[in-house]
Amino acid sequence: MHLAYPAVLAVLLFSVGLYGVLARRNAILVLMSVELMLNAVNLNLVAFDVWLRDTVHAGQALTLFTIAIAAAEIGIGLAIVLMVYRNRGTSDVDRLRDTAETADGDAPADREEKAEATA
């Protein structure tokens with residue numbers, strides 16, 4: 001088996017996932033893009049395991065660990081996104097960053113208004 005075919009496919013998958021993480025605003029689509037990136041890594045692990053003819057099959061074992069980590073990540077990530085959507089009414093990543101609260105409970109815009117009022 002030629003190593004170039006799965007390697008090129010993995011690069012394409014990883015690139016699409018990276019584009020999705022950087023360009024998307026919806027948190028669910030960002031999580032799906034992270035899953036694409038993890039699947040590209042899994043494809044590389046299995047391809048190199050077959051290409052090197054590893055008798056221990058370390059690449060396949062690492063792929064199983066990566067799948068387990070991906071399942072935990074999507075479960076926890078989806079729970080966080082659903083809680084944020086219930087509390088804020090949106091899963092838009094840009095809006096969540098703009099409405100971040102500080103430790104004292106005030107939003108950054110509220111602190112600026114208070115500072116201007118006292119000045």
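**Exercise 1.** Determine what span the 20 residues of helix H1 (residues 4-23) should have, and whether the end C-alpha atoms agree with it.

*Solution.* Helices are DSSP runs of H or I of at least four residues, numbered from the N terminus. The expected span is 1.5 Å times one less than the number of residues. For H1 this gives 28 Å, and because the end C-alpha atoms are 28 Å apart, the two values agree.

This is a predicted model, in which local features need pLDDT of at least 70, side-chain atom pairs count only at pLDDT 80 or more, and totals for chains, interfaces and linings use all residues. Residues are numbered from 1 along each chain as its sequence is written, and side-chain values use heavy atoms, with hydrogens and water left out.

**Exercise 2.** Identify the buried residues of H1 and the helix against which they pack.

*Solution.* Buried means under 20% relative accessible area and exposed over 50%, with partly exposed in between (1.4 Å probe, protein chains only). In H1, Pro-6, Ala-10, Gly-17 and Gly-20 are buried. They cover an arc of only 90° around the axis, so they lie on the same side of H1. The arc is that of the directions from the helix axis to the C-beta atoms. Val-11, Leu-12, Tyr-19 and Leu-22 are exposed on the other side of H1. The buried residues of H1 pack against helix H2 (27-52).

**Exercise 3.** Describe the chain as a whole by its secondary structure and burial.

*Solution.* The chain has five helices and zero strands, in the order α-α-α-α-α from the N terminus. Of its 119 residues, 21% count as buried.

Technical notes
Helix = DSSP H or I, 4+ residues; strand = E, 2+ residues; numbered from the N terminus. Contact = heavy atoms within 4.5 Å.
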